[in-house]
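Biologist: Could we go through this model together? I would like to start with charged side chains and then turn to the domains.

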Amino acid sequence: MRGRGEAVLICNVIAGEERPAVGGTVFEKFAPATGDVLSVVTRSDASDVDAAISAAAAAQPRWAARTVEERGRIIRRIAQLLEREREAVVAVVAAETGKSPKDAKGETDGAIELGYFIAGEGRRFYGKTMPSATPNRYAMTIRQPLGVAGLIIAANTPIANVAWKVFPALLCGNACVLKASEDTPETPVLFARLAREAGLPDGVLNIVQGFGAEAGQPLVEDSRVAVVSFTGSTAVGRMIAEVAGKRLAKVCLELGGKNPLVVCDDANLEKAAETAALSAFSNAGQRCAAGSRLIVFDSVYDRFRELLLERAGAQKVGPGDEHDFGPVINERQLANMLGAVERAKAAGATVLTGGERLTGEGYDGGFYIGPTIVENTDGSSEISRTELFGPITTLHRVRDFDEALALANASPYGLTAAIWTSSIHRGNEFLHRVVAGGVQVNGPTYGFEPHVPFGGQKDSGTGWREPGTEALDVYSDWKTVYVTHDPAAV
Ligand code: NAD
C-alpha cells in the first residue's frame, strides 16, 4: 500500500503470498530520475531464500505434470494480462529505471511478444526421432524439466529481463525462484501478481528481494536449485559459476559487453552516425549490447566524428517522452562512470563531449550523465576494455579493414558487433571473423528480437542462448528414449 508521501513496501512473493523477509529488515530504493526514495524493499537473507526454494520444490512436480500445451496456455494468459495492464507495468518500469514511458513501453511490448512466442512453443516443443541399427527399434529425444530454476537478473530492462527467463523456464515445467535486482524490485512483483491471476499455481513463481551476497548467493549454493540462470556483470557471473560449479549445477550466464561498431570508408556515414549514437546512448547506454567502441576508417574519421558530435549534441537527457535517454540506475554506477572518464583523461584521452554529472534544473538529485565520447585512447586502455554500462563510447581511428577487425576482436568480451559498409565482401568477411554472439551488417549493436537467440562469447557468457527456441535448451534436459516392439506379438 502507498500512502500519501509514503514509500511503498515491496515484499517477497513466496507460495503466492506477498510477505516481508523473516528478519524484518528493509532497504531504500531511490528513483533514478530524482534521487528521492521510491520504495522500501524487504531485505532477504538465506532463510527467505530457503522458504522460496521449498515452495518452488513443492509446487514443481504438479506443474511439470501438466501438459506443455497447458503450460503454454497459462503463459499466453500472462502475456494477455501484461497487455491489459501495460500502463501500470510501464509506470513501474519507468519509475524504477528513470527511463521514459515511451522506452518503458517498448520494453514491455518486447516482454509481451516473448510471452506469445514462448506460449506457441507449447504446441511445438519438438524433439527428434532417429532410426536404430537394430530392427523394430527407434530412438527419440524428449525434453525434461530440470526442477527448480534459480533466476538472477539485472535492472537495465527489468520487465524484459523477467520475461526472458521466467517464460521459457515455466514452459519447460520448472518452478522458479527469481532474485529481483535491488534496483528494480517492484517490476517482478507486478509480474508475479499477473501470473497468479492468469492461473499460475502458487509456488511455481517465487520472488525474493535483496542484495546479491545475501539473497543471490544462497540461491546459487542450494543443491535443490537445478539450474542457475544469471543476467548481470561478468565479475558476478564468474563468482556464480565458481559457486554453482562446485555442486555441478547447470549455469547459464548472460554477461557484459564492450561492443564494437565499425564504420568503413564505403559506409553511409549519416546512417552509420545515427545508428552509432543510438547504440551508444539509448537506454542511457545501459545495454549489454551497447555500442561502446566505435572503430572508424581513417579516411572518413573526421567527417564521422563531426556527424556523431552533432547527434550527441542533439540528445535530450531526461525522464520524459520528449527526451532521448534518462538517468543511469544508481549513484554508485554514476560514480564508476565518472571515475573511469577521469582516469582516461589523466591517461591522455580526449573527452570530446560529456563526461560530467548533469546538474541544474531538472537534474538535481537524479543520476544523470550526458552523452560522452572519448577519443585518443588505444584498444588496450582501461576505458576501451572495461564495460561502463552508461552513455559513454570510445572513438578509434584505424587504417583499414584488417586493423578494424583486429581492434574489434581485441576485447575480453564477445557479445555483439556491427559493421557499416556497402561492400557485401567486407560485410560477410566481418560477420564470419568477428568474435561475437551476434553481429549486424548495416545495423546497430543492439536490438535482437524475442524470437532470435542472443548470447555471448568469451567473457560475455558461457555459450547459452536466450531467448528464441534456444532458451528452451537452458531450462530443459534431453532424455533419449529407445522403443522396441515385437512384430510377432501383434
Ligand atoms: P550485477 O552483476 O551487479 O548484478 C546482477 C544481479 O546479480 C543483481 O540481481 C545482483 O543482486 C545479483 N548479484 C550480485 N552479487 C551476487 C552474488 N554474489 N551472488 C548472486 N547474485 C548476485 O549487474 P548489474 O550492474 O545489475 O547489471 C549490469 C550488467 O548486466 C552489465 O554487465 C550488463 O552487460 C549485464 N547484462 C547482460 C545482459 C545479457 O543478456 N548478456 C543483459 C542485460 C544486462
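Biologist: Which residue forms a salt bridge with R433?

Modeller: R433 pairs with E429, and their closest N and O atoms are 3.1 Å apart. A salt bridge here is a side-chain nitrogen of Lys or Arg within 4 Å of a carboxyl oxygen of Asp or Glu. This is a predicted model, in which local features need pLDDT of at least 70 and side-chain atom pairs count only at pLDDT 80 or more, while totals for chains, interfaces and linings use all residues. Residues are numbered from 1 along each chain as its sequence is written, and side-chain values use heavy atoms, with hydrogens and water left out.

Biologist: Where do R433 and E429 lie?

Modeller: Both are in helix α14 (residues 424-433), four residues apart, about one turn of the helix. Helices (H or I, at least four residues) and strands (E, at least two) are DSSP runs, numbered from the N terminus.

Biologist: Which residue does R343 meet in a salt bridge?

Modeller: R343 meets E382, at 2.8 Å from N to O. This pair links distant parts of the chain, with R343 in helix α11 (residues 331-346) and E382 in helix α12 (residues 382-385), 39 residues apart.

Biologist: How many salt bridges are there by this rule?

Modeller: The count comes to 35. There is also a salt-bridge network linking E270, E274, R303, E306 and R311.

Biologist: Changing topic, how is the protein divided into domains?

Modeller: Domain 1 covers 8-255 + 461-478, and domain 2 covers 260-441. The bounds come from an automatic or database domain assignment.

Biologist: How many salt bridges are counted between domain 1 and domain 2?

Modeller: The count is zero.

Biologist: What area do the two domains bury between them?

Modeller: Domain 1 and domain 2 bury about 1500 Å², 48% of it on carbon and sulfur atoms. Buried area is the accessible area (1.4 Å probe) that two parts lose on being put together, summed over both.
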